[in-house]
Amino acid sequence: MEMMIQQLINGLFLGSIYALLALGYTMVYGIIKLINFAHGEVYMIGSFIGYFLINQWQLGFFPALFISMIASAALGVTIEFLAYRPLRNSTRISALITAIGVSYFLQNVMIFFFSANVRPFPQAIERQTYSIGFVQVSNVQLLILAVSVTLMILLQLIVNKTRMGKAMRAVSVDADAARLMGINVNRTISFTFALGSALAAAGGMLIGLYYNSIDPSMGVVPGLKSFVAAVLGGIGIIPGAALGGFVIGLVETAATALGFSDYKDALVYVILIIILLVRPAGILGKNIKEKV
């Protein structure tokens, strides 16, 4: 029982990373109905940017985190402008295939320039462990949770309290009507990609600090799991994506505690199949009838 509680607490910290990634998926889908499968690679590139800033430029963790988020936001905007915007009026399958292509392109570019080897992420923050009864928590875990929750709150404030957030909500409902109301749809979509990519970069740096390792393939599995988290919570719904991320993190660590660590990844996809069969709209989603 003690191990189960410890693993569930660990699941909260892991789930917060999935939540950051899932938010990027759900925002992009909510605004242009695209599953951006290159999102995991942005997460990976964000961790590499942080790696070089800390290792080569001797920056502290938080300045490196900020710069990595800015650079990854610019990368997200570039991807949207070059790869997705020309296909805006194409079929969804064309955009989906392009997203998969961009994912493989970014991954292989990183392998070409930096090799496929695993690199130790610099431990810019000295690790300390605190004991509360039989539960052990490290300062890095607390940092991950604090940064993740702070970024989620900031995202909610941006979406609900700013003019750009209002524009994002308008475009997600009806892009043509938003354009008629004077909203710059292209700029709004680019801003959405920038926000999602910045959150992904933060997740990449935090997970690098937590596991002390990064590599060019590190975004594949977390990217897929975060997509599952977004679907689980309700794709296109920001609170749902955060909820789904925490649920996936808890499921993974619970599987480890019960001795099924070899099957934890499979369990995540089993959950996806079940949720699609039982509640396709997700936990917080609503079934909306579409005219065909």
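Colleague: Which helices are included in what covers the buried residues of α11?

Modeller: Keep in mind that this is a predicted model. Helix α11 spans residues 264-278, and its buried residues are Val268, Ile271, Leu272 and Ile275. What covers them includes α9 (220-233) and α10 (238-257).

Colleague: Why do the buried residues of α11 end up on the same side?

Modeller: The residues in question are Val268, Ile271, Leu272 and Ile275. They sit on the same side of α11 because the arc they cover around the axis is only 100°.

Colleague: And which residues are exposed on the other side of α11?

Modeller: Buried Val268, Ile271, Leu272 and Ile275 share one side of the helix. Turn to the other side of α11 and the exposed ones are Ile273, Leu277 and Val278.

Colleague: On to charges: which residues are linked with Glu80 in a network of salt bridges?

Modeller: Glutamate 80 is buried, at 0% relative accessible area. Its side chain meets arginine 85 at 3.0 Å, N to O, and arginine 88 at 2.6 Å. Both arginines are partly exposed, with 23% for arginine 85 and 26% for arginine 88. So the residues linked with Glu80 in the network are Arg85 and Arg88, given a salt-bridge cut-off of 4 Å.

Colleague: How far apart are the closest N and O atoms of aspartate 176 and arginine 179?

Modeller: These two are three residues apart in helix α7, about one helical turn. Aspartate 176 is exposed at 51%, while arginine 179 is partly exposed at 45%. They form a salt bridge, and the closest N and O atoms are apart by 3.1 Å.

Notes:
Residues are numbered from 1 along each chain as its sequence is written. This is a predicted model: local features need pLDDT of at least 70, side-chain atom pairs count only at pLDDT 80 or more; totals for chains, interfaces and linings use all residues. Side-chain values use heavy atoms; hydrogens and water are left out. Helices (H or I, at least four residues) and strands (E, at least two) are DSSP runs, numbered from the N terminus. The expected span of a helix is 1.5 Å times one less than its number of residues. Buried means under 20% relative accessible area, exposed over 50%, partly exposed in between (1.4 Å probe, protein chains only). The arc is that of the directions from the helix axis to the C-beta atoms. Contact means heavy atoms within 4.5 Å.
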